[in-house]
Amino acid sequence: MFVMIARWVKVCEAKSLKSGDMFEFDHQDKKIVIVKIKDDLYATDRICTHAYADLSIGILNEGDKTLTCPLHLSAFKLDDGKPQNLPAKDPLSVYEVKVENNWIHVFL
Ligand code: FES
């Protein structure tokens, strides 16, 4: 039996991201995007829950902290992953983020 254990994963240098930037990466079977808005960092799955579209090429709205799918335009809140409009109904998974020694880590 294979058991996956979540742990902090070192991803990228914190200073490499400015507000409005996105950084996508893969970890095991997960496709993740980190988003920086002002001093806040968010990490979510980057594949839309409606169909297969990569949210890292979607539209970031820094004001309401949403990421909009480029295919059918569902917007997802970055803090809890919930869709704000159809057609997506299911939330994205969201992950804890921390900065340690100027490196961004995501709990995966
Ligand atoms: S694929 Fe994202 S809303 Fe349809």
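This dialogue works through several features of the structure above.

Trainee: What kind of model is this, and how are its residues numbered?

Mentor: The model is predicted; local features need pLDDT of at least 70, side-chain atom pairs count only at pLDDT 80 or more, and totals for chains, interfaces and linings use all residues. Residues are numbered from 1 along each chain as its sequence is written.

Trainee: In which sense do strands β2 and β3 pair?

Mentor: Strands are DSSP runs of E with at least two residues, numbered from the N terminus. Two strands pair if DSSP finds at least two bridges between them. Here, β2 (residues 22–27) and β3 (residues 30–37) are antiparallel over six bridges, and Asp-26 has Lys-31 in β3 as its bridge partner. The two strands form a hairpin with two residues between them. β3 is also joined to β4 (residues 40–45) by six bridges, again antiparallel, with Val-33 opposite Thr-44.

Trainee: Which residues of the two hairpins have a positive phi?

Mentor: Most residues other than glycine have a negative phi. In the turn between β2 and β3, Gln-28 has a positive phi of about 50 degrees. In the hairpin of β3 and β4, Lys-38 takes a positive phi near 55 degrees.

Trainee: What is the strand order of the open three-stranded sheet?

Mentor: The order is β5-β6-β7, with antiparallel pairing. β5 (59–61) and β7 (75–77) stand at the edges, each with a single partner strand, so one side of each has no neighbour in the sheet. Between β5 and β6 (residues 66–68) there are three bridges, and Asn-61 is partnered by Thr-66 in β6.

Trainee: Which residues of the largest nonpolar core touch the most other members?

Mentor: In soluble globular proteins, nonpolar side chains tend to be buried together. A nonpolar core is a set of buried Ala, Val, Leu, Ile, Met, Phe, Trp, Tyr and Cys residues joined through C-beta atoms within 7 Å. Buried denotes 20 or more other C-beta atoms within 10 Å of the residue's own, exposed 12 or fewer, and partly exposed in between, with C-beta atoms placed from the backbone. Of the 18 residues in this core, Ile-32, Ile-34, Val-35, Ala-43 and Val-106 touch the most other members. The elements giving two or more residues are β3, β4 and β10 (103–107), and β3 gives the most, with four.

Trainee: Where is the cis peptide bond?

Mentor: Most peptide bonds are trans. The bond from Leu-86 to Pro-87 is cis, with omega near 15 degrees; Pro-87 lies in the loop between β7 and β8 (94–95).
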